[in-house]
Structures are given as C-alpha cells and as structure tokens.
Amino acid sequence: MQDSHILLSVRDLTKHYPAEGNGFFHRNNEFIHAVDHVSFDLREGETLGLVGESGCGKSTTGRLVVGMEKPDGGSILYEGQELAGMSRKELSSIRTLLQMIFQDSYQSLNPRKRVLDILADPMVFHGIVSRADAPRRVGELLQLVGLPADAADRYPHEFSGGQRQRISIARALSLNPRLIVCDEPVSALDVSIQAQILNLMKDLQDRLGVAYLFIAHGLGAVHYISDRIAVMYLGEIVELGEGQEVFRHPLHPYAQALIGAVPAADPDRRPDDASILKGEAGDAVHVGEGCRFAARCPFAADQCLREHPVLTDFGNGHLAACWRAARGHECEPGI
Amino acid sequence: METLLDVNDLQVRFHSDFGDRIVTDHIAFQVGSGEILGIVGESGSGKSVTSLALMGLLPGNGSVLSGSAQFGGRDLLALSGKELDEIRGRDICMIYQDALASLDPVFPVGLQITEAIRRHVEPDRKKAHSIAVSWLDRIGIPNPEQAMNRYPHEFSGGQRQRIMIAMGLSCRPKLLIADEPTTALDVTIQAQIMKIIRDLRRELGMSVILITHDIGLIAQNADRVLVMYAGQIMESAGVRELFHHPLHPYTRALLASAPDPGDARERRLVSIPGSVPENYTNMSGCRFASRCAYAGGAGPSGDTGAGGSGSTAPSGYICPECLQHQELREPEPGHFVRCIRADGF
C-alpha cells in the first residue's frame, strides 16, 4: 500500500463559516473553524477512515473533497489537478471520477424515479452508455451490488434501508469512479445489515480498485473497513496512521479516550470509570492559541495551553499532534 | 433479588387498513430491583413496542391484546390514564432517542426540569432550582446556572438529549426505561451518560430496562439480557452466559456481525442474509428460520458455527423441526432459548 500511486493529496484544507449572530447587523468577525489546515493523502484502492465526534469537521472535509463546498484555503490535488479553485463547470468534467454516498439513502434517491432511471440517467448524461445500452449496464450494476434484476423496475420506497444503500452504491459505481467519499454510509442500518454493506464495499474495492474516504462516527465500522485512519477534533486532524496502529497504540489523548469509549462486545472487558473523558468538545469558534483538546485533556501542561501542536511523524507514518507525545511520554491506551 | 416489574403474556396488536398485526408475541420477563435488564434486537423486533405498551404510550393504532405487568402491586396495563400519569415520571421514567419531541420549545429548559422535580421530588422552588442546576452540571452542560434560562433550540442535539435524560433521572425513579438513550450521542458522551445511569443504580437501587441495538452497550452495562427478534424473545440469560455461550443462531450471528475494534481486523464480518420479516403474525414455525445458517438440516453448512457461513444465503430448504412452533425452553438454569435444535450445534 505504501508504494501505490497517490490519488488524492489534500493540503492545508480550510473552511470557516461565519459564527452565529455574525450577520449584516452584527459583525463580530467570529468564525467557526469547521476544517482547519487539514492535510492527508489517499492512495489508489485505499480506504482512509475519517473519525471524530459531531462537529469535528469530518463531513465538511468530505464535502470539500467532492466539491459540494468551496474551501477557503488549501489545495485538493486529484491526479495532479487542482480542484480547490475549480468552477462548477470544470468540476463537472471530473465528477465521474469522484462520487459520494450519503447516510440517508431515502433522501438521496429520487422517490419519483425507478431504479433503472436513477442508475441510467447519470451514465447517459456523462456519455458512459447510450440510452439504448443503459438497461444492460444497469442489470450488471444491480448484480454487482447483490440486488435482483427486477429491482430496476421498482421505486426506492419499495426497498429496505440496506437495499437502498446498495442502490446508492450502484449509482456511485455506475460512473466508474476512482474515489468514493462515503459519509456515514452504514450508520442508519441494523448491525446485521451493516455487515452486509461493509462486506459488499470491501469486495467491490477488491474487484474494482476504487478508493474510499470513509467518514463515520461508528468506530467499529471504520476500524473494520479502513487501511488508515485519521482522527479529527474541532476541525483538525489530531492523529493519522495505519488502522491497527491507531487502534492498538493511539498516541493522542483524545484518540485514546475516543477508542476507549467504544463499548466492547465483551462483558469481561468493562472499562473503569476513571478513563471516561469529561466535558464535551466546545464550539469551534473560540479555539485559542494552544491545543484545542487541552481543556479536556488529563495530561495538559502549560505548553499545551500556549502553543499549537503540529502533526508530527512518530514513525511508520503514524502521526499525532500532541506535545505530550512529542515529549516522549508513551501514552498507554485506556488512560 | 426482589422483583420490581413482572411482565406476563404481553401481546400488542397494531391495526392497519391492510389487516391487524400482532407485534409482540406473549412477551414475559421480570426486572429485579437494582437490576439492569438489557433488551437487544434490530429494528422491527418489537423491543420498543414492549416498552411503549408498559408506559401506556402506544400510538393510536396500537393496543394491548393480552397480558399483565405487575409493578408495586398494580397492573400497569390495567391502569387508567390518570393513574398511569401518577406513576410515570415519579416511579417509572422513560428516556428515548427523540429528545426534541419531549422538550417544550416555548419554555426555558430550567423551568421544565424544575417543574418535574417540584412535582415529584422537592416542592420547594429554590431547592428544586438548585437540584436542577446540579443535574445540568452532572450531565456536562457548560455554565449550568446560565443554561437554566436558555430554550431547547439554543442547545445542540446531544445537549438536548442529555437535558432530557437529566429531567428523567432527577426524579429518582424506581425504574428507568431507556430506549436507545444514547444512540444519537457521541461515544465519549455516551460513556458519560451510561456512567451516570450506573451510578444512580448504585445510589438509589434504581432498576433499568436498557433497550438498544448496540451489543457493546449491552455487554458493558446489562446484568441480564433478552434477545428479541420478530416480536419474540429468542433467548435470555445472564450477560456473561449470553456472550460466552450464546445458544440461539440469531444471537450468535448478531454477536458475530458487530465490528469490534478490540478484535484483529482480518476477521470477516458475519452478515445475516435477508432481513427481518415484515409481517410475522401468522408465521407458524421459527421466525428466524429463513435467515438461519442451521435451519437447512445437518447443522452448519460446512463450517464452524453461524459465524462461518458469511453472507451466503441459506439454500431455502428448512428442516421440519424448524417449521414447528418453537417454545421458549430452559436448557440450563436461567438460560432460555427459543430454538428446538439449540443444544445440538
């Protein structure tokens, strides 16, 4: 995986939104730092998991990558092409290569269209198949995602949540993309169905070599599907590394607390209450000078409050932005 | 352990233009005082309907067909709306996923919590106010004193959820029915809330019915577990027994289908083929049979347990034993299972 070709290279990606009460009449120049200097690479055929809690900027990052939002700064290089400053029209030419799957398959599939049209229209629009050839290709796609051929003549509401998510996946794949941004694709599904979709996504990746930017708050699913994982907190990546490495030996105290808080499916592994993180992530408006996690961090020192930690490589591509880790305190999991 | 709640033979019927459905099939269980009973199941299993029926909160097209629920010498299912009103909030409190619907948008949250506390615990306005503030602090709302004057829409979804939880718990109920209480919350906040629930159980001897689809949450918190599927209890046992020796193929598959970050990554997730039957009112045999890896006859199809068969669909052949009506049996003391072949695997 290390040597494979880098498909997407994101550098210093930044998106700020005006804070509440910051309108025409109230100009206080405050901003929500939704995404702040986020950098990562995504290799061909790889899955990068993006985890973090609500408001950490993971979804915004995904939307910036596919061009649904305009970044305020930074660059998004896709195969050497800069997407960050592209107009809608220019973006449309590479749209086929970058696709997105959403959490709510009910809202992202047009209820008035048959599955045949949902899948065929984008392909015909982008000139991938002719209208006459479309039904054959739709049949292939349905088979690929494990749906019966007669699904083509039915409407989205006739399917269960898991089946609808399969339709979304088929639609994303229909344009032969190299990268699919998946925003919480399995969060709304029951566990047994979740497993079906995760396995399907893995199989499709093996067969088609498509890369995933997999955004989710459910750490179990992310751990299962991702090669590498990035942990976000208040708009920043605080840790990035091989999935196993991040889960087994998290370096950043936030990553440790986050992973430690996932309830293990084993009654003999009940964590002690002392490891539970206190408080909640503040707003991303008043982020201050130092580490954004310092206020909740059990290890915060003076330096953490004053200086902003930078993402540093601790070996084998395992990065963390933490002064304590930098000072050489190997933080044990489950602090 | 003293029994606090004793539910027997609960059947709930839903009426629709396409015919009636019985969505819980002779449900029976007990909750001991100070016990955390976990009810786990997927959507459509009947786990939420069970709790709504106990609280007299079934939607208009739902009704209790049969059954009793003894709580403190009274049958909850036979009480009038007014009598239930007295019990709800004071003795039994329910928290659920949709917090927005349970807070009044036109009153500050402080007033709403104080109101509940004054009604059930502490009539004195000042004392009730300070109890409310301490609760907001306990659930991690920043600046609790100021937060009392804010309206529900001024809080984030996660905060509203926690405010609702605080409102319920501040009345120190004997029984807490928590239906997916933390599903909408982030994991670090979920950990905080579950700790508060465990603390209250210890402090007040509160009993809890924890309803969730999250197996991890059950493993970490429950003392005893009911596994529900298609309106029936498929298996029930103590939490360690259930996780270490699951008997029902559905339970086994459910445990194997949850991704566990503590596990090595290479293991392929087990998925259960198909989905929960939509209408199971007139199903005669085992309701899980069509999805079951074992129902095809000679046990697991060439591998070691429900686990191995992965996503391959069962052949469609269902052995005669599984087509018979399945009774809840007790193969080991305290361990119940609704599967005639469960000990043979």
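Keep in mind that the model is predicted.

Let's begin with the overall picture of chain A. If you'd rather think in terms of a box, the C-alpha atoms of chain A fill one of roughly 70 × 55 × 45 Å along the principal axes.

Now zoom in on a helix pair inside chain A. Helix 4 (residues 115–125) and helix 6 (residues 161–173), both of chain A, pack with their axes 8 Å apart and at an angle of about 20 degrees. Angles under 35 degrees count as roughly parallel, and helix 4 and helix 6 of chain A are therefore roughly parallel to each other. The crossing of these two helices is right-handed. On the helix 4 side of chain A, the contact is made by Val115(A), Ile118(A), Leu119(A) and Pro122(A), while helix 6 of chain A brings Ile167(A), Ala170(A) and Arg171(A). Sort the residues of this contact by class and you get six nonpolar, no polar and one charged.

Next, a helix pair with one member from each chain. Helix 7 of chain A (residues 191–208) packs with helix 10 of chain B (residues 249–257), and here the axes are 9 Å apart at an angle of about 50 degrees. That makes helix 7 of chain A and helix 10 of chain B oblique to each other, and their crossing is left-handed. Who meets whom? From helix 7 of chain A come Val191(A), Ser192(A) and Ala195(A), and they meet Ala253(B), Leu254(B) and Ser257(B) in helix 10 of chain B. By class, this contact between the chains has four nonpolar, two polar and no charged residues.

Finally, over to a sheet in chain B. Strands of a sheet pair through backbone hydrogen bonds, either parallel or antiparallel. In this open sheet of chain B, four strands line up in the order 2-1-4-5, and the pairing is antiparallel. Strand 2 (21–32) and strand 5 (74–75) of chain B stand at the edges with a single partner strand each, so one side of each has no neighbour in the sheet. Take the pairing of strand 2 with strand 1 (residues 3–14) of chain B: eight bridges join these antiparallel strands. As a landmark there, look for Leu5(B), which stands opposite Val31(B) in strand 2 of chain B.

Notes
Residues are numbered from 1 along each chain as its sequence is written. Chains are lettered from A and ligands numbered from 1 in the order in which they are written. This is a predicted model: local features need pLDDT of at least 70, side-chain atom pairs count only at pLDDT 80 or more; totals for chains, interfaces and linings use all residues. Axes are lines fitted to C-alpha atoms, for helices over the stretch in contact, and angles run from 0 to 180 degrees between N-to-C directions. Angles under 35 degrees count as roughly parallel, over 145 as roughly antiparallel, 65 to 115 as roughly perpendicular and the rest as oblique. A crossing is left-handed if the near helix is turned anticlockwise from the far one by less than a right angle, and right-handed if clockwise. Two residues are in contact if their C-beta atoms, placed from the backbone, lie within 7 Å. Ala, Val, Leu, Ile, Met, Phe, Trp, Tyr, Cys and Pro count as nonpolar, Asp, Glu, Lys and Arg as charged, and the others, Gly among them, as polar. Two strands pair if DSSP finds at least two bridges between them.
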